[in-house]
Amino acid sequence: MKKKKQSASGIFFSMFLRAIVVILAIVIVCLIVALVRSLLHGKETKKTENNTGSGQVTVEKQEDELLTAQKTEAGTESKEATKDLNLKIAVLNGTQTAGLAGAWKEKLEGDGFTSVEAGNYIGETKKSVIYVTKEGADQSLKSYFPGAGIETTALNKEETDVDISGMDVVIVIGTEDDILSKQ
């Protein structure tokens with residue numbers, strides 16, 4: 001069988017139809033991408049009728065759970081911003097992991113605390129303990145050691161190898177907060 005030759009207008013028409021199909025496919029893909037982006041950014045829209053009965057349609061933006069969670073985190077950050085970064089802190093290693101107090105000192109200094117000393121606790125403890133001599137000082141550090149006990153009595157100076165006099169907070173790091181072994 002011989003192929004029938006198409007006329008110039010037939011070729012043009014078939015190419016024109018193919019171009020339209022390709023353009024429509026691109027438009028559909030762009031619309032899908034825009035829809036996905038709006039859903040990811042929480043800008044869902046909801047059509048509601050106006051209570052006046054006039055038949056007008058208004059568009060309301062609704063926040064999704066992700067945006068609500070982000071706002072909650074932002075509120076948490078603002079609360080953390082009220083931390084007393086000028087506390088005099090002694091971090092004592094109450095484990096057998098060498099360098100643990102130094103690692104916590106670097107972490108606290110990296111988060112903005114300006115006066116942090118590291119040393120060793122004579123003995124070993126599983127649970128961390130925060131010894132507080134300045135009222136409210138434990139609130140600035142509680143998020144770092146959520147399972148730690150809070151003591152308002154002073155730590156005995158013989159239980160450490162550094163001078164802890166004049167410290168607002170003394171933290172004895174237990175094995176539960178051993179950030180070096182957990183890495």
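Mentor: Accessible areas come from the Shrake-Rupley method with a 1.4 Å probe. In this predicted model, the accessible surface of the chain comes to about 13,000 Å². Carbon and sulfur atoms account for 57% of that surface.

Trainee: How many helices and strands are in the chain?

Mentor: The chain has three helices and seven strands. Along the sequence they follow the pattern α-β-β-α-β-α-β-β-β-β.

Trainee: What is the order of the strands in the open sheet?

Mentor: Start with the general idea. Strands of a sheet pair through backbone hydrogen bonds, either parallel or antiparallel. Here, an open sheet of five strands has the order 4-3-7-5-6, and its pairing is mixed. Strand 4 and strand 6 (149–151) are at the edges. Each has a single partner strand, so one side of each has no neighbour in the sheet. From one strand to the next, the twist averages 20°.

Trainee: In which sense do strand 5 and strand 6 pair?

Mentor: Strand 5 and strand 6 pair in the parallel sense, over three bridges. Val129 has Gly149 in strand 6 as its bridge partner.

Trainee: Where does Ser128 lie, in terms of the strands?

Mentor: Ser128 lies in the loop between strand 4 (115–120) and strand 5 (129–132).

Trainee: Is Ser128 buried or exposed?

Mentor: A residue counts as buried when its relative accessible area is under 20%. Ser128 has a relative accessible area of 0%, so Ser128 is buried. Leaving aside residues up to four places away in sequence, Ser128 touches several others, including Phe145, Ala148, Val172 and Asp177. With Asp177 there is also a polar contact, side chain to side chain, at 2.5 Å.

Trainee: Which strands does helix 3 lie across?

Mentor: Helix 3 (residues 100–110) lies across strand 3 (88–93), strand 4 and strand 7 (169–173). Helix 3 runs at about 170° to strand 4.

Trainee: How many salt bridges does the structure hold?

Mentor: Again the general idea comes before the case. Side chains of opposite charge can pair when their charged atoms come close. The structure holds one salt bridge. It joins the side chains of Glu109 and Lys105, at 4.0 Å from N to O. Both residues lie in helix 3, four residues apart, which is about one turn of the helix.

Trainee: What is the relative accessible area of Lys105?

Mentor: The value for Lys105 is 25%, so Lys105 is partly exposed. Glu109, at 34% relative accessibility, also counts as partly exposed.

Notes
Residues are numbered from 1 along each chain as its sequence is written. This is a predicted model: local features need pLDDT of at least 70, side-chain atom pairs count only at pLDDT 80 or more; totals for chains, interfaces and linings use all residues. Side-chain values use heavy atoms; hydrogens and water are left out. Helices (H or I, at least four residues) and strands (E, at least two) are DSSP runs, numbered from the N terminus. Buried means under 20% relative accessible area, exposed over 50%, partly exposed in between (1.4 Å probe, protein chains only). A polar contact is a pair of N or O atoms within 3.5 Å; within protein, one must be able to donate a hydrogen and the other to accept it, and residues adjacent in sequence count only if both atoms are side-chain atoms. Contact means heavy atoms within 4.5 Å. Two strands pair if DSSP finds at least two bridges between them. Axes are lines fitted to C-alpha atoms, for helices over the stretch in contact, and angles run from 0 to 180 degrees between N-to-C directions.
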